[in-house]
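Dear colleague,

I am passing on the structure below, and after it I set out what was found there. Please read the notes with the coordinates open beside you.

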Amino acid sequence: MNVIVEREKGLLQLEQRIDELKAQAAQQPVDMTAEIEALETKYAQIQREIFGTMTPWQRVNMARHPKRPIGSDYIAALDQFDELHGDRHFRDDHAIVGGFAKLNGRRIVAIAQDKGRDTKEKVYRNFGMPSPEGYRKVIRLVKLAHHLGLPIVTFVDTSGADPGIGSEERAQSEAIAQSLSELAEARVPIVASVVGEGGSGGALALALADRVLILQHSVYSVASPEGAAAILWGDAARAEEAATRLKLTSDDLLAFGIVDEVIPEPIGGAHRDAAGTIGHVLDAVDRALGVLSAIPSAELRERRYAKFRRIGAASA
Amino acid sequence: MPMPEWLRLRRAQPVPVEDAAQWTKCPKCATMIYRPDLAANLWVCTTCNHHFRMHAFDRISMLVDADFNEIGGELAPGDPLGWTDKVPYPQKLERDREKSKLSEGVVCGFASIGGHPLALAVMDFNFRGGTMGTVVGERIAQLFERARERALPCVVFTASGGARMEEGMLALMQMAKTTMAVRRFHDDGGYYISVLTDPTTGGVSASFAFQADVVLAEARAAIGFAGRRVIEQTIRQKLPDNFQTAEFLLEKGALDMVVERDVLKETLVRLLDYGVGGKRSANGRSGAAVPSAVPVPPAETPA
């Protein structure tokens, strides 16, 4: 059960009540201004209570909100997109969508993890959990971008890489390791945006980037809270506690220097204004590409090296 | 071949066998084995050939010709998340230091094996399950950087449960850091052999373990991305016994070789020999290797 969805229910009821009153007020001579204002004040108050200070666990639930914009929504908002399929070896992994695209006139290679929206699509997309073929598609697209000198734009949203039998048989580890390695080497600007869940190595495999952006209520974590709780205490039910300890919120990540920029969300979360949020993300990506494109490729790689080289070096 | 000065600093010593625990039960066949016998047999069960997990320094002394010059030993982990569950993270570290006689989950340094000078990293499951935190990542990255400067091949023994939860995202980012260092080493012509030992999973298997030019695994080692329990929970059925074993991965084409421990050293020596005279090799026979003209930098003195 998503705790944000639960908490939103009361708000949605209020919202409905206000709309009804407004409709009535428009039709009847009775003055309901005071009543409407009272409800609106209450609404704002509850909204502040719910979203003003969100706990890490609430953030996790916001990142998993069923209405939150998903990878394909960002892809759809690009000026142009030509999907390229498959890993050339085994199959096309639908958890990862990628291809040529344009953003504000700039030619790019765009890669997104996509969880799917309805049940049918979720199954089709394997709930956004990429298989080795997905990462091998990423490797292929990164090489292509490198070859053509096109910047790479990724949208990260996965609870983690697929943990199934087939994925192990086809060397999930190797696929992720090589995806990281290709991103390390690509001589083109790379901008990654964590737009939902950034789950472990399966997310990082798309996020070894020159600039890492994150939406305010997205999370990015060493393991999913459930996974971490299972690993640490053998009890996935302690996910909320794990979420608190893992320091997975955008503020934490910015403080650690793991992300470079936090993109604000409207109050109530990205889904309250999906188009606006997507626009803000794409604008931030475009700005980052503008800055990175001016840097010579050799220097870009040096900077990328230094960026990841220093994480955790200070504490050591 | 003359031994460079920086190789001669520290003698690799086997870890002393504790008197209190002279007998060990084989977890596979339950035979009681006299520990000195076990040590003499390279920590392989004398009855069933089960390969015990090895202490990093036992491993090092089993492999290296003479001396081992450790680097990065002075690096100690902080507590970036201020982590506490049953006990605070710094206490867990202290306990593991005591138990394992190690400062962290990997030992890195320079040595020679069968006359081949090289950079060597050995992970140890005894320290926080061999998990990769900031220190493991930093030591591995430093090793590859130094190996690149010195034009030496790199051999890494992995044993890890993955990224270290208690260091959160800083731990995950070590996958990126080590990848950058390995890739740079590789692009500069460096020769890298990884040896996956029991167990190699998660963030370590999904980064430097599978980025080597040649990937070996010790016989019957458990290797995979997701933990066995995670997969079983996901698919709600029990996995076959051989799933995620070295032999299984070899069958699936993910490994170059599966090696029994008694022939591991000679296998490594043969493989190292194929890299001699490569694009960058300090002991290159071709004479074309650039770095032979570069003076070997002195080893860093631990603080």
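Strand 5 of chain A is mostly covered, with 10 of its 10 residues buried. Please keep in mind throughout that this is a predicted model.

The pairing around that strand comes next. Strand 4 (residues 152-158) of chain A runs parallel to strand 5 of chain A and is joined to it by six bridges, and within chain A F155(A) stands opposite S193(A) of strand 5. Strand 6 (residues 211-215) of chain A is likewise parallel to strand 5 of chain A, here through four bridges, and I214(A) in strand 6 of chain A is the bridge partner of V194(A). Strand 7 of chain A also pairs with strand 5 of chain A in the parallel sense, over three bridges, and Y220(A) in strand 7 of chain A is the residue opposite G198(A).

Strand 5 of chain A is also one of the elements against which the buried residues of helix 3 of chain A pack, together with helix 1 (3-27), strand 7, helix 10 and helix 11 (239-245) of chain A. Helix 3 (residues 56-63) of chain A is itself mostly covered, since seven of its eight residues are buried, and these are P56(A), Q58(A), R59(A), V60(A), N61(A), M62(A) and A63(A).

Turning to chain B, there is an open sheet of seven strands with mixed pairing, in the order 3-4-5-6-7-8-9. Its edge strands, each of which pairs on one side only, are strand 3 (68-71) and strand 9 (257-259) of chain B, and neighbouring strands of the sheet are turned against each other by 25° on average, direction ignored. Helix 9 (residues 264-275) of chain B lies across strand 4, strand 5 (116-123), strand 6 (154-160), strand 7 (192-200), strand 8 (214-218) and strand 9 of chain B, and it runs at about 70° to strand 4 of chain B.

As for the contact between the chains, 43 residues of chain A and 46 residues of chain B take part in it. On the side of chain A that touches chain B, the elements that each supply at least two residues include helix 7 (165-169), helix 10 (225-233), helix 12 (250-256) and helix 14 of chain A, while the largest share, nine residues, comes from helix 8 of chain A. By class, that side of chain A has 26 nonpolar, 10 polar and seven charged residues.

One helix pair across this contact can be described in detail. The axes of helix 14 (residues 297-309) of chain A and helix 5 (residues 168-187) of chain B come within 8 Å and cross at roughly 140°, which makes helix 14 of chain A oblique to helix 5 of chain B. The crossing of helix 14 of chain A past helix 5 of chain B is left-handed. From helix 14 of chain A, Y305(A), F308(A) and R309(A) meet M173(B), A176(B), K177(B), M180(B) and R184(B) of helix 5 of chain B, and the residues of this contact comprise five nonpolar, no polar and three charged.

With best regards

Notes: Residues are numbered from 1 along each chain as its sequence is written. Chains are lettered from A and ligands numbered from 1 in the order in which they are written. This is a predicted model: local features need pLDDT of at least 70, side-chain atom pairs count only at pLDDT 80 or more; totals for chains, interfaces and linings use all residues. Axes are lines fitted to C-alpha atoms, for helices over the stretch in contact, and angles run from 0 to 180 degrees between N-to-C directions. Angles under 35 degrees count as roughly parallel, over 145 as roughly antiparallel, 65 to 115 as roughly perpendicular and the rest as oblique. A crossing is left-handed if the near helix is turned anticlockwise from the far one by less than a right angle, and right-handed if clockwise. Two residues are in contact if their C-beta atoms, placed from the backbone, lie within 7 Å. Ala, Val, Leu, Ile, Met, Phe, Trp, Tyr, Cys and Pro count as nonpolar, Asp, Glu, Lys and Arg as charged, and the others, Gly among them, as polar. Two strands pair if DSSP finds at least two bridges between them. A residue is buried if 20 or more other C-beta atoms lie within 10 Å of its own, exposed if 12 or fewer, and partly exposed in between; C-beta atoms are placed from the backbone.
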